[in-house]
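Colleague: Can you walk me through reading a helix pair?

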Amino acid sequence: MKKLKFLLLLSLIVNPIFGQEFPYNNDKKIEFKEIFELSDKLTKEQVLERTEKWANSYWSVPNLINKSDKSITYKVTEKSSRKVGLVVNSTFEIFYNLKVSVKEGKYKYTLSDFQVVEVGIMKYTLEKRIKKKKIKKFAWAEIHKLISSLTTAIKSGENDSEKDDW
């Protein structure tokens with residue numbers, strides 16, 4: 001009976017993390033995207049300005065690859081990334097592209113082209129490594145932390161990345 005209770009408790013703790021499904025695009029690549037309505041007071045220029053300000057404080061060296069009056073795109077690489085966590089004796093890093101696009105009355109972010117690097121080992125696509133539970137757990141947590149930080153910065157004009165415990 002004690003074993004059954006323990007297993008039930010353990011499944012309640014573990015399932016929310018590993019039960020999460022990553023969103024895939026039509027090319028069967030992991031891609032996070034969401035569209036937000038702009039408040040009446042927020043202009044397209046302010047969204048892009050807040051995104052740029054956020055990126056400059058979120059990554060040590062953001063790698064801007066495209067900027068226009070409608071969008072801003074970053075490629076997060078070894079030089080700009082943050083480590084996602086220590087697991088066993090390996091460090092995992094996740095690299096990706098972030099694009100924020102603005103249209104009249106709304107903006108959209110897209111996170112795509114994910115790469116996982118097991119430092120000292122190899123670089124893989126996230127799609128190939130997602131079956132490893134420890135990578136899936138950290139990737140899910142870090143991607144959602146990034147999304148939360150970005151959307152908060154755009155909505156409020158403030159950057160909460162300095163408050164994160166990295």
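What follows is a short chat about helix packing.

Modeller: This is a predicted model, where local features need pLDDT of at least 70, side-chain atom pairs count only at pLDDT 80 or more, and totals for chains, interfaces and linings use all residues. Residues are numbered from 1 along each chain as its sequence is written, and side-chain values use heavy atoms, with hydrogens and water left out.

Colleague: What describes two packed helices?

Modeller: The angle between their axes and the distance between the axes. Here, the axes of H2 (residues 44-58) and H4 (residues 133-156) come within 9 Å and cross at roughly 135°. Helices are DSSP runs of H or I, at least four residues, numbered from the N terminus. Axes are lines fitted to C-alpha atoms over the stretch in contact, with angles from 0 to 180 degrees between N-to-C directions.

Colleague: How are H2 and H4 therefore oriented to each other?

Modeller: They're oblique, the label left after under 35 degrees (roughly parallel), over 145 (roughly antiparallel) and 65 to 115 (roughly perpendicular).

Colleague: Which residues in H2 meet H4?

Modeller: Val47, Arg50, Thr51, Trp54 and Tyr58, with contact meaning heavy atoms within 4.5 Å. Their partners in H4 include Leu146, Leu150 and Ile154.

Note on methods. Helices (H or I, at least four residues) and strands (E, at least two) are DSSP runs, numbered from the N terminus.
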